[in-house]
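Reader: Can you walk me through this one? Keep it short.

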Amino acid sequence: MARILAFTNNKGGTGKSTLCVHAAQLTAQRGYRVLLIDLTSQATASSLYLEEAGSLPAPETVWASLHPQHQRPLEEVIYCTDKGVDVAPSHSTMAEVAAQLAAAGEMGQNLLQRQLDPLLQDYDFIFLDTPGELNALTANALRVAQRVLIPTRLNRADFSCTEVTLRYIEALKGQLSQARAILTMLDDRYLPGGIWSGSHTGQLYVQAQQIFADVLSPVTIPDSSDLRIAFDYGLTVMDYRPGSAVCQRLLQFVEREVLL
């Protein structure tokens, strides 16, 4: 039976898709059967796994499976990749799907769940890359997820959006026991014991510990030029520089927050 994880935040630019993509590939490299479902209009995750993702027509993507007026079986829009991860790619018009799901009322609230039910025995893990806003697509993902991972950067604007996201999750699911906030793009020198820990940014880390308490993951994802260069080449960092420090930290994240 698949374990379903949603990567979400009520804000773009937090490294959500980056974390989702790398966690999925690292999990697959451990021998697990992995499906990644891209629900974003940007299709970052789709394009890293499928070269042709940007040219796929809407009916050949998850758009067709989650549009209330189409509901094409999800298994028909899943693609195998050479990274060991199966992908249900998104389309640039996913905002239309979100609007249609909202308009569909109760019927649209659990459409993703109904599409996933036939696939739960085929995978060990299902990763959901959600939009950078709290819309009906995000709500579908959060309802079905057994664990919610919320990447956030070390600044007050991201903290505020993450708090909103946590309240939204609690309202949908009734509890936060399976929600985790992960600090991303963070220079380790700002962490306790680092040479910049006493700086303003270093003190923001202390504030994050106070604000998010038990929800905050002890694993942080460092700022990394290797990640940026890999993305420029259309690669994951495991393909570009598998022995890098950020790759090792991502593996720690997977072991701590995904495979637990």
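Author: First, a term: buried means under 20% relative accessible area, exposed over 50%, partly exposed in between (1.4 Å probe, protein chains only). This is a predicted model, where local features need pLDDT of at least 70, side-chain atom pairs count only at pLDDT 80 or more, and totals for chains, interfaces and linings use all residues. Residues are numbered from 1 along each chain as its sequence is written, and side-chain values use heavy atoms, with hydrogens and water left out.

Reader: OK. Which exposed residues sit on the face of α9 turned away from its buried side?

Author: H200 and Q210. Helices (H or I, at least four residues) are DSSP runs, numbered from the N terminus.

Reader: And which residues of α9 are buried?

Author: G202, L204, Y205, A208 and F212. They lie on the same side of α9 because they cover an arc of only 150° around the axis. The arc is that of the directions from the helix axis to the C-beta atoms.

Reader: What do they pack against?

Author: α8 (156–173) and β6 (179–183). A strand such as β6 is a DSSP run of E, at least two residues.

Reader: What follows α9?

Author: A213, with a positive phi near 45°.

Reader: Switching topic. Which residues touch the most other members of the largest nonpolar core?

Author: I37, L74, L116, I126 and L128, out of 50 residues. Such a core is a set of buried Ala, Val, Leu, Ile, Met, Phe, Trp, Tyr and Cys residues joined through side-chain atoms within 4.5 Å. Helix α7 (residues 136–144) gives the most to this core, five residues.

Terms used:
Contact means heavy atoms within 4.5 Å.
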